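This report describes selected side-chain contacts and surface features of one structure. Please view the sequence and the model below before reading on.

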Amino acid sequence: MPPVWTDLAGAAAQVKDGNLVALGGHTRAAPMALIRELIRKERRGLGLVTVPTGGLNVDLAIGAGVADRIHFAQVGLEEYGMAPNFRAAVEAGRLLCLEYP
């Protein structure tokens, strides 16, 4: 059985540059502490899978340069509008997007 990580540092240490990472939670209950730890560790080239959709967690990761590709159905900030980092990265061609309808 794989180890169960009970601490943030242990969980973040398992994520290496270039990994594909699934993130849930959308805007509420998003794993923000994990995202902040990945940013602090300066991870790069991550692929993100949004489950079921991406929110503030995904937008923060993209804005910090952690992610270079994303598998998604939607990325937004619910009643707060569009995800500005996601939009800027897409418009600039810095993010490979694999959209699922």
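Is glutamate 37 buried or exposed? Glutamate 37 is buried, because its relative accessible area is 11% (buried means under 20% relative accessible area, exposed over 50%, and partly exposed in between, with a 1.4 Å probe and protein chains only). The model is predicted, so local features need pLDDT of at least 70 and side-chain atom pairs count only at pLDDT 80 or more, whereas totals for chains, interfaces and linings use all residues. Residues are numbered from 1 along each chain as its sequence is written, and side-chain values use heavy atoms, with hydrogens and water left out.

**Salt bridges**

A salt bridge is defined here as a side-chain nitrogen of Lys or Arg within 4 Å of a carboxyl oxygen of Asp or Glu. The count under this rule is four.

| Salt bridge | N to O distance |
|---|---|
| Glutamate 37 and arginine 40 | 2.7 Å |
| Lysine 41 and glutamate 37 | 3.9 Å |
| Aspartate 68 and arginine 69 | 2.9 Å |

Glu37, Arg40 and Lys41 are joined in a network of salt bridges. Within it, glutamate 37 and arginine 40 both belong to helix α2 (residues 32-40), where three residues, about one turn of the helix, separate them. Helices (H or I, at least four residues) and strands (E, at least two) are DSSP runs, numbered from the N terminus.

**Aromatic pair**

The structure contains one aromatic pair (ring centres of Phe, Tyr or Trp, the latter by its six-membered ring, within 6.5 Å; planes under 30 degrees apart are stacked, over 60 edge-to-face, the rest tilted). Phenylalanine 72 and phenylalanine 86 form this edge-to-face pair, with 5.4 Å from centre to centre and 75° between the planes. The pair connects distant parts of the chain, 14 residues apart: phenylalanine 72 lies in strand β3 (residues 67-72) and phenylalanine 86 in helix α4 (residues 84-92). Both phenylalanine 72 and phenylalanine 86 are buried.
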